[in-house]
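Thanks for coming. I have one structure to go through, so please look at the screen.

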Amino acid sequence: MDGPDGSVPEADLPTSAVLRDVGVRTLRPAVGLAVLALVALVVFALNASGQSVQFRFSGENDAVRLPDVSVASTLCGWVVTAVLAVLAGYAAVRARALPRWASLVAGFFFVTGFLVWIVGTAQTPSISVTALLAGSVALATPLVFGSLGGLLCERSGVVNIAIEAQLLFGAFSAAVVATIAGSAWAGLLAAVLGSVLVSVVLAVFAIRYRVNQVIVGVVLNVLVSGLTGFLFATVLEPNAAAFNSPERLPHVRIPVLAEIPVVGPVLFDQSVIGYIMYATVAVVWFALYRTRWGLRTRAVGEHPKAADTLGIPVNALRVRNVLLGGAVAGLGGAFYTLVSVSAFTRDMTAGSGYIALAALIFGRWNPVGALLASLLFGFASNLESILSFLGTPVPSQFLAMLPYVVTILAVAGLVGRSRGPAASGEPYLKE
């Protein structure tokens, strides 16, 4: 029955999302932390370079200049090892899922230890924290939009493997329309509509005709890659001035706030899409957990039959959310051709849709978690670029694979359980 405000009480929805792991004994978090502690001991402590690493927190234009921080790589390695070992012991005694504070502390110390170790191997052991974070946010922007688009679909019970197709077709549509119309804003709208078009195909086959959702997503990725590649070679490349020279969206720097050390350039010196990204994460989180629509969406993704019994139109809600997810992903596609570069190229998303899907899983189907996981991927990508200039002997391929290794560990449950919506991927047929 509906509540006083017309919403469906959560107690009336027998969804598995309401269940918690309270009381379930497990040693997986302890094992995961023990493995991280062992890695820290062998790599960060015993194989430290012995150099001191300089972390720069301020730039020349900052209103407040913060002093540089020097960290001894060997001492840092031992401290990180000790902290992770203590947390592993705590997790073993607790024998349950780790509280959020423990996970955050473990992640912070391990990432810090890794950063000190790898920068310490460079010829110039110094790094700008501001540049590292700002570049990470920029590279993570399309991943955040892609993972949020996938989240809206999967929370409704539809597996979205087609995030890559949505990003790619959004980038293509933005470049063509922005060039023809002479307006980047028109290109931004076209990116949203182009991605929604891909979502229409996904919704028709996955929901209306109940085709296997994974297969539909893979086929859409291949189809859009081939279609945009063909149009690029036959139309855009020979006529770049007419069809593939879009204007860029404006870059907005907020005075005073942008001069705050560290956080200023990250939060207040962004492109328009960067600000839209922050707003989108907040809106999706609020709508998903604080509104009637969000409660119904989660109910449909967890137990569609029970939701249908309460009068929720399951398939209609799924269709709307798949289209909404496509619109959000389209904003990420526009980033490539309206912010990153001013032209479309063949397969320019380079598998970002699959990375966004991994970020969605790593973030445990939560908007904030998806944001943080996307930032991890962006951090690794940006760190790879920065270290190539610093002259570190560590292979760049090693850095590129790190986020995927962490994702595998997360999905395996070594750093906590990762379970998607119970009805995700299951077509619903009303009896």
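Which residues have the most contacts inside the largest nonpolar core? They are Leu188, Leu249, Ile273, Ala334 and Leu338, in a core of 36 residues. By nonpolar core I mean a set of buried Ala, Val, Leu, Ile, Met, Phe, Trp, Tyr and Cys residues joined through side-chain atoms within 4.5 Å; buried is under 20% relative accessible area, with a 1.4 Å probe and protein chains only.

Before going on: this is a predicted model, with local features needing pLDDT of at least 70 and side-chain atom pairs counting only at pLDDT 80 or more, while totals for chains, interfaces and linings use all residues. Numbering starts from 1 along each chain as its sequence is written, and side-chain values use heavy atoms, leaving out hydrogens and water.

Back to the core of 36 residues. Its largest share, seven residues, comes from α13. Helices here are DSSP runs of H or I, at least four residues, and strands are runs of E, at least two, numbered from the N terminus. Ala334 is in contact (heavy atoms within 4.5 Å) with Gly170, Ala171, Ala174, Leu188, Ala191, Ile273 and Val339, leaving aside neighbours within four places in sequence. Another core, of 34 residues, lies apart and includes Ala40 and Phe379.

Ala40 is also one of the buried residues of α1, along with Leu33, Leu36 and Phe44. What covers the buried residues of α1 includes α2 (73-94) and α3 (100-120).

Last, the sheet. It is open, with three strands in the order β2-β1-β3 and mixed pairing; a pair needs at least two DSSP bridges. β2 (69-72) and β3 (126-128) are at the edges with a single partner strand each, so one side of each has no neighbour in the sheet. β1 (residues 52-56) and β3 run parallel, joined by three bridges.

Technical notes
Buried means under 20% relative accessible area, exposed over 50%, partly exposed in between (1.4 Å probe, protein chains only).
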